[in-house]
Amino acid sequence: MRIDSGKVKRLRSEKNWSQEQLSEACGLSLRTVQRLESNSKASIESVRALADAFEIGPNDLIVNEDEEKMTPLDAVKAGFVNFANFSDGATRFEYWWFFLFALLVTAVATTLHPNAYQIVALILLVPFIAVGTRRLNDIGRSGWWQLLFLVPFGQIVIFYLLAQESRVSVSQTGGGRFIA
């Protein structure tokens, strides 16, 4: 997992510790502390040891890789790559960028030709349902809530749910997300 190496350096300098003093305080080797400050890759044991030494929670040191580095293009790619994945989670960023992509592509297809819209809609159907299911999983809801899209005014309820912040922790999804 990745940690915020800049934060580790800042916390160490706030305590006026050298790298040697930090290694003694947290029980890690000097080389491990140097590596953590340079490339920011750490095991969970190292993160816990650093957090105990700095008297903070481990989640404060961990970088959320999903939201940190994802670009809109990455969100669209993830929507297509994970088209058969209905069990993990999807961030709000990932879901709404995929939604915008699907909206724009279907709008362009409609202006080009009515049959093009139908083809694009068929291509986007399964990935759109999958990313919606992953988004609902991320907020602790079942993917079956998407059936409300078929009910008049049910879209309002679904869009409200899809816009909520993540609620699922690592222990519930088994993934690499740490949410306080």
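## The largest nonpolar core

A nonpolar core is a set of buried Ala, Val, Leu, Ile, Met, Phe, Trp, Tyr and Cys residues joined through side-chain atoms within 4.5 Å, where buried stands for a relative accessible area under 20%, exposed for over 50% and partly exposed for values in between, computed with a 1.4 Å probe on protein chains only. The model is predicted, so local features need pLDDT of at least 70 and side-chain atom pairs count only at pLDDT 80 or more, while totals for chains, interfaces and linings use all residues. Residues are numbered from 1 along each chain as its sequence is written, and side-chain values use heavy atoms, with hydrogens and water left out.

The largest such core holds 17 residues, and those with the most contacts inside it are Ile3, Val8, Leu22, Cys26, Leu28, Leu50 and Leu61. Two or more residues come from each of helix H1 (5-14), helix H2 (19-26), helix H3 (30-39) and H4, with H4 giving the most, six residues; helices (H or I, at least four residues) are DSSP runs numbered from the N terminus. Apart from this core lies another, of 13 residues, which include Val120, Leu124, Val131 and Leu136.

In H2 the buried residues are Leu22, Ser23 and Cys26. They lie on the same side of H2, because they cover an arc of only 100° around the axis, the arc being that of the directions from the helix axis to the C-beta atoms. H1, H3 and H4 are among what covers these buried residues of H2.

Glycine 27, which follows H2, has a positive phi, near 80°. Leucine 28, if its neighbours within four places in sequence are left aside, is in contact (heavy atoms within 4.5 Å) with Ser23, Val33, Leu36, Ser46, Ala49 and Leu50.

## Arginine 48

Within helix H4 (residues 44-54) lies arginine 48, which is partly exposed, with a relative accessible area of 48%. Its C-alpha atom is separated by 9.2 Å from that of leucine 61, 13 residues apart along the chain.

## The lining of the second largest pocket

The second largest pocket is lined by 14 residues, of which Ala102, Ala121, Leu124, Leu125 and Phe128 lie nearest its centre. A pocket is an open set of points on a 1 Å grid over the protein atoms alone, where a 1.4 Å probe fits, with protein on both sides within 12 Å along at least five of seven lines, and lining residues have an atom within 4 Å of a point.

Helix H7 (92-112), helix H8 (114-138) and helix H9 (154-162) each supply at least two residues of this lining, and the largest share, six residues, comes from H8.
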